[in-house]
Amino acid sequence: MQENKVEKLMYKEGTYENKLFELYVNLYEEEDETIRKDLRERILKLIPDDYDIKSDIVFYSNSSPVVKIRELEVLEKECYDRLNKLFDLNEIDDFYCYIEGREYIRLIDKIACLYLDINKKEENFKLCEKIISLNPGDNLSILD
């Protein structure tokens with residue numbers, strides 16, 4: 001029931017939620033990287049702790065995989081600390097059901113991909129196991 005109210009609000013012209021939703025839609029449909037950069041910056045002004053956007057900026061940068069891993073690990077620590085304040089991460093069963101949890105899972109998925117790019121299979125495997133433990137349904141195709 002609450003979800004329907006949120007959905008209606010998101011699509012209502014002139015609302016904060018509608019503007020934010022439009023920014024996200026435009027970001028993921030836009031092909032021009034200059035425009036995408038502008039959209040990411042606008043979203044971060046509205047939601048400074050959007051770890052999807054923060055990690056995308058690092059992941060799609062021109063840095064080397066090793067530099068990206070270091071930067072993403074810093075974000076992962078920040079995100080984990082933030083989540084630890086919201087949830088008892090040792091006791092939560094449905095971590096992946098929370099938006100913040102999904103952001104965290106996608107962030108560590110990016111790190112795992114980069115480990116695979118530099119042929120660090122053991123580190124990749126550990127992160128994949130962590131993702132599966134946090135998200136048994138595995139909607140990131142880690143099981144593949």
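Is Phe 59 buried or exposed, and what is its relative accessible area? Let's look at some close-ups of this predicted model, in which local features need pLDDT of at least 70, side-chain atom pairs count only at pLDDT 80 or more, and totals for chains, interfaces and linings use all residues. Residues are numbered from 1 along each chain as its sequence is written, and side-chain values use heavy atoms, with hydrogens and water left out.

**View 1. Phe 59 and Tyr 60 form an edge-to-face pair.** The structure holds two aromatic pairs (rings of Phe, Tyr and Trp, the last by its six-membered ring, with centres within 6.5 Å; planes under 30 degrees apart are stacked, over 60 edge-to-face, the rest tilted). Here the ring centres lie 5.0 Å apart and the planes meet at 85 degrees, so the pair is edge-to-face. To answer the opening question, Phe 59 is buried, at 18% relative accessible area (buried is under 20%, exposed over 50%, partly exposed in between, with a 1.4 Å probe and protein chains only). Tyr 60 is exposed, at 52%.

**View 2. Tyr 80 and Tyr 104 make a tilted pair.** Their centres are 6.0 Å apart, with 50 degrees between the planes. Tyr 80 belongs to helix H5 (residues 65-86) and Tyr 104 to helix H6 (residues 99-117), so the pair ties together parts 24 residues apart in sequence (helices are DSSP runs of H or I, at least four residues, numbered from the N terminus). Tyr 80 is partly exposed, at 30%, while Tyr 104 is buried, at 2%.

**View 3. Lys 54 sits over Tyr 51.** The charged end of Lys 54 is 4.8 Å from the ring centre of Tyr 51 (the rule: NZ of Lys or CZ of Arg within 6 Å of the centre and within 35 degrees of the ring normal).

Notes. Helix = DSSP H or I, 4+ residues; strand = E, 2+ residues; numbered from the N terminus.
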